[in-house]
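Biologist: I have a structure open in my viewer and would like to learn how to read it. Could you walk me through it, feature by feature?

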Amino acid sequence: MAQYRTQARIIADVLTTARDMNTEGSGVGITTLLRKGNMSYSRMSKLLTELVGSGLLLELNKEKISRYKISDRGLQFLQAYYQFEDFAQSFGLRL
Amino acid sequence: MTARFYTRNGANRSETMAGGVDVSLIEDMLQFIGVFVSFSIAYVAFRGLKQTRSPALLRLATAFLFLGVGFMVQAVLGLDGVVTVLPALTTTAVAGLVVASALMETAGYFFLAFSHALDVMFSRRLKVSLLLFPVFTLSAAQTTDALSILSFYFILYGVLETITAYARNRKPDTLLIALGLALLGAGTFVAWLSLMYPVVYVLSLVQIIIKEVGLMILFIPVLSYALGGKANGPI
C-alpha cells in the first residue's frame, strides 16, 4: 500500500533531492525533482515557488532554465526535520 | 482555610500509612514530577513545531501542555493542604479547580489520541481504527469521575496506536513511549478503583506512583531532545 506523505515529508524529500543530486554545484533541474519527488508537474511547480519564496531553495536561472539548489536555511530545516521526525516517531506519530 | 484537606475525590487528606508517612504529601510531591515531565515534553514539541511547522508536533505540544497544567493545578491544590500557597478559596472554587484540572488532563489525553486518529485517517487505516476507537460509557457519576473514564479510553487508544507504530518502525523509543502510556493508563485504572474503594488509602498512592513511573518512562526518550537535540537523521 502506498505510504501517505505529509506536507512536511514532501518538503523534506524535495530538499533532500536538491541537496543530494546537486553534485556539480549548478543546482538540480525540475525533471530530477519530479522523478524523485513522485508528484505532478503543477504541484511541484507550486511547491518550488513556495520553497524559493520561503528561502529554503535558491533558484538559479541558466539559459532560461530554472535549476534549484538548497539554501543554508533549507539545510537547517532538513536537520531539524530529521531530528524531530525521530522525536515524533517515538510517540508513534509522523511529522 | 477551605482549600485545605480537599482532594480530587473529595476525601479527607489526613490519611496516613502504617509507617506514619502522609500519603497525600507523597502524592503532591509526585504530582510536581508530572508537571516537570509534561512541560519538558511540551517544550521539545514546541521547539520542533517552531522549526518544522508540523501539525503533529502542535498536537503533541498541546497534549502535554494541557497535561502539565492539569498536574500543576492538582499539585498546587495538594500543596495548599500542607503549606498555604493559595488565597482563601470557597469550597465551590476549590471544586471548580479540581474539575478544571481533571478537564485539562482529559484534554491532554484527547489531543494525544486525536493525533493518532488523524495519523490513522491519513494513512487509510480508518476502518481498522474505528474498531479500536474508544466507546464512551459516560456514567452519571461526578464530572471528575466521568473525565477520568474518558482519559482512560484516550490513553488506551494512544497505547494501541503506539504499539502499532512500534510494529512498523521497530524503534526502542516508541516501545518505551508505549510502555509509559500503558502505565499512565494503568494508573488511571487504579484511580478508578480508589474511587470505588475509598477506604483502601494505599490505592490512591499506588495510582500516582504508577502514573509517575509512566511519565518518567515517557521522559527517557525525550531527555536527549530536551538537553539540546539529537541528530539521528541522515545529515
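Modeller: Happy to, and let us begin with burial. A residue is buried if 20 or more other C-beta atoms lie within 10 Å of its own. Please keep in mind that this is a predicted model.

Biologist: What percentage of the 235 residues of chain B count as buried?

Modeller: Of the 235 residues in chain B, 45% count as buried.

Biologist: And which elements is chain B made of?

Modeller: Chain B has seven helices and zero strands. Read from the N terminus, the order of its elements is α-α-α-α-α-α-α. As for its contacts with a separation of 6 or more, 70% of them come from residues 24 or more positions apart.

Biologist: Let us turn to chain A. How should I read a pair of packed helices?

Modeller: Two packed helices are described by the angle between their axes and the distance between those axes. Take helix 1 (residues 7–20) and helix 4 (residues 72–90) of chain A: their axes come within 10 Å and cross at roughly 125 degrees. These two helices of chain A are therefore oblique to each other, and their crossing is left-handed.

Biologist: Which residues of helix 1 of chain A meet helix 4 of chain A?

Modeller: On the helix 1 side of chain A they are A:Ala8, A:Ala12, A:Leu15, A:Thr16 and A:Arg19, and they meet A:Gly74, A:Phe77, A:Leu78 and A:Tyr81 of helix 4. By class, the residues of this contact divide into six nonpolar, two polar and one charged.

Biologist: At what angle do the axes of helix 1 and helix 2 of chain A cross?

Modeller: The axes of helix 1 and helix 2 (residues 30–37) of chain A cross at roughly 130 degrees, and they come within 10 Å. That angle makes helix 1 of chain A oblique to helix 2 of chain A. The crossing of helix 1 and helix 2 of chain A is right-handed. Helix 1 of chain A contributes A:Asp13, A:Val14, A:Thr17 and A:Ala18 to the contact, while helix 2 of chain A contributes A:Thr32, A:Leu33, A:Lys36 and A:Gly37. Sorted by class, this contact of helix 1 with helix 2 of chain A has three nonpolar, three polar and two charged residues.

Biologist: Now the strands. What should I look for in a sheet?

Modeller: One general idea is that side chains in a regular strand alternate between the two faces of the sheet. After that, look at the strand order and the pairing. In chain A, three strands form an open sheet in the order 1-3-2, with antiparallel pairing. Strand 1 (28–29) and strand 2 (57–62) of chain A stand at the edges with a single partner strand each, so one side of each has no neighbour in the sheet.

Biologist: How many bridges are there between strand 1 and strand 3 of chain A?

Modeller: Strand 1 and strand 3 (residues 65–70) of chain A pair over two bridges, in the antiparallel sense. Here A:Gly29 stands opposite A:Arg67 of strand 3. Strand 2 and strand 3 of chain A, also antiparallel, are joined by six bridges, and A:Asn61 stands opposite A:Ser66 in strand 3. The hairpin of strands 2 and 3 of chain A has two residues between the strands, and A:Glu63 takes a positive phi near 50 degrees there.

Biologist: Finally, how many residues of chain A are in contact with chain B?

Modeller: In chain A, 20 residues are in contact with 32 residues of chain B. Helix 4 gives the most to that side of chain A, with 13 residues. By class, the side of chain A touching chain B has 12 nonpolar, five polar and three charged residues.

How values were computed
Residues are numbered from 1 along each chain as its sequence is written. Chains are lettered from A and ligands numbered from 1 in the order in which they are written. This is a predicted model: local features need pLDDT of at least 70, side-chain atom pairs count only at pLDDT 80 or more; totals for chains, interfaces and linings use all residues. Axes are lines fitted to C-alpha atoms, for helices over the stretch in contact, and angles run from 0 to 180 degrees between N-to-C directions. Helices (H or I, at least four residues) and strands (E, at least two) are DSSP runs, numbered from the N terminus. Angles under 35 degrees count as roughly parallel, over 145 as roughly antiparallel, 65 to 115 as roughly perpendicular and the rest as oblique. A crossing is left-handed if the near helix is turned anticlockwise from the far one by less than a right angle, and right-handed if clockwise. Two residues are in contact if their C-beta atoms, placed from the backbone, lie within 7 Å. Ala, Val, Leu, Ile, Met, Phe, Trp, Tyr, Cys and Pro count as nonpolar, Asp, Glu, Lys and Arg as charged, and the others, Gly among them, as polar. Two strands pair if DSSP finds at least two bridges between them. A residue is buried if 20 or more other C-beta atoms lie within 10 Å of its own, exposed if 12 or fewer, and partly exposed in between; C-beta atoms are placed from the backbone.
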